[in-house]
Amino acid sequence: MGLLAFLKTQFVLHLLVGFVFVVSGVVINFVQLCTLALWPVSKQLYRRLNCRLAYSLWSQLVMLLEWWSCTECTLFTDQATVERFGKEHAIIILNHNFEIDFLCGWTMCERYGVLGSSKVLAKKELLYVPLIGWTWYFLEIVFCKRKWEEDRDTVIEGLRRLSDYPEYMWFLLYCEGTRFTETKHRISMEVAATKGLPVLKYHLLPRTKGFTTAVKCLRGTVAAVYDVTLNFRGNKNPSLLGILYGKKYEADMCVRRFPLEEIPLDEKEAAQWLHKLYQEKDALQEMYNQKGVFPGEQFKPARRPWTLLNFLSWATILLSPLFSFVLGVFASGSPLLILTFLGFVGAASFGVRRLIGVTEIEKGSSYGNQEFKKKE
């Protein structure tokens, strides 16, 4: 193991990275709170500023993937599709099998200039996660309880509010509703059998309400749907902790572009279109497992330096006073002060670990274990 690889495994460095992310996030959230005063004056200026503030936070996580772990992302698509990336509003459909699938999506957003303006249909619980949920609130992210009777009006209103968004956005939908587990898959396929739908091997049965509503509300704003099927070489199952320890992964993403005009206007027909799409996604995963590649040309968009420069800037601003403070604590010789500081370090490490835990599959929600037994 080289020196750099060894350093990446050290808990102290992980704490410092977490410190920079958390403190910079608090600063960014405070600035976002101040920008609310701009909303009545210029809604679009408010939005543009918050896109850049969000970028400053999200890009730190992307930096870990691109520069810390040096994970590589390869696109399988066509040249015409690549040329449209970052130049149009789009709905993104991504399979939800991995702990870092969102991070692979974010790195593509970053490389094509839409990271700060990226959107997602997120579960309501994430709104209360410090930093992440708070930043999303200021970005006008659409939150849902995953109970359509209660979500309908909120989701429709949130989506329609995005119709005049000033910067190109990619709106992410996890149509499966929750991360793939064997238990959820078994229950999901029982529902598929009762509905006469084909069995999926690698995906859960897609929940169509969110998709058909997003397409209806964003028609005229969004130009296309990008279907993204993600997998990792070597049958790896990466984690955010693995990224933090500097483990390098190789992600492959098959991207297909569907102009919105190709998606039926009728809700039932649009739902059938989505079910057919997931059957095709399942076939793509089967092909990948057999051949180790997706169909299409391969593209490796170059990582940009901005994520690294952004993190280094925050680290320079925040770590210098931290080091001075720590030296002062130990130089004081006060046992009470030193113990208080060590207690704070322990609490901080626990808090960072809890944030990472949000991404872990085994700590995911129970949604899907029982909900699939109900009709949409």
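These legends accompany several close-up views of a predicted model.

**View 1. An open sheet of 8 strands with mixed pairing.** Let us start with the strand order, which reads β4-β3-β5-β2-β6-β7-β1-β8. The edges are formed by β4 (142–144) and β8 (297–299), each of which pairs on one side only. On average, neighbouring strands of this sheet are turned by 25 degrees against each other, direction ignored.

**View 2. Strands β3 and β5 side by side.** Here you can follow residues 119–123 of β3 and residues 170–173 of β5, which pair in the parallel sense over 2 bridges. For a handy landmark, find Val120, which stands opposite Leu172 in β5. As a reminder, strands of a sheet pair through backbone hydrogen bonds, either parallel or antiparallel.

**View 3. Helix α11 packed on the sheet.** Which strands does α11 (residues 267–291) touch? The helix touches β2 (90–94), β6 (224–232) and β7 (250–259). The direction of α11 makes about 30 degrees with that of β6.

**View 4. Helix α12 and its kink.** Still, look for a kink of about 30 degrees at Leu319, shortly before the proline Pro321. Leu319 is also one of the buried residues of α12, among them Phe311, Trp314, Leu318 and Leu322. After the helix comes Gly333, whose phi is positive, near 75 degrees.

View 5. The protein is divided into domain 1 (3–307) and domain 2 (316–353). Taken over C-alpha atoms, their centres are separated by 36 Å.

**View 6. Leu131, a residue with positive phi.** Most residues other than glycine have a negative phi, and most peptide bonds are trans. Leu131, however, has a positive phi near 70 degrees. You will find Leu131 in the loop between β3 and α6 (132–138). Is Leu131 buried or exposed? Its relative accessible area is 3%, so Leu131 counts as buried, the cut-off being under 20%.

**View 7. Glu140, with a positive phi near 65 degrees.** Glu140 is a residue other than glycine, and it lies in the loop between α6 and β4. With a relative accessible area of 6%, Glu140 is buried.

Definitions and conventions: Residues numbered from 1 in each chain as written. Predicted model: local features only at pLDDT ≥ 70, side-chain atom pairs only at ≥ 80, totals over all residues. Heavy atoms only, no water. Pairing = 2+ DSSP bridges. Helix = DSSP H or I, 4+ residues; strand = E, 2+ residues; numbered from the N terminus. Axes fitted to C-alpha atoms, helices over the stretch in contact; angles between N-to-C directions. Contact = heavy atoms within 4.5 Å. Bend = angle between axes of the 7 residues up to and from the residue. Buried < 20%, exposed > 50% of the residue type's maximum accessible area, 1.4 Å probe, protein only. Domains from an automatic or database assignment.
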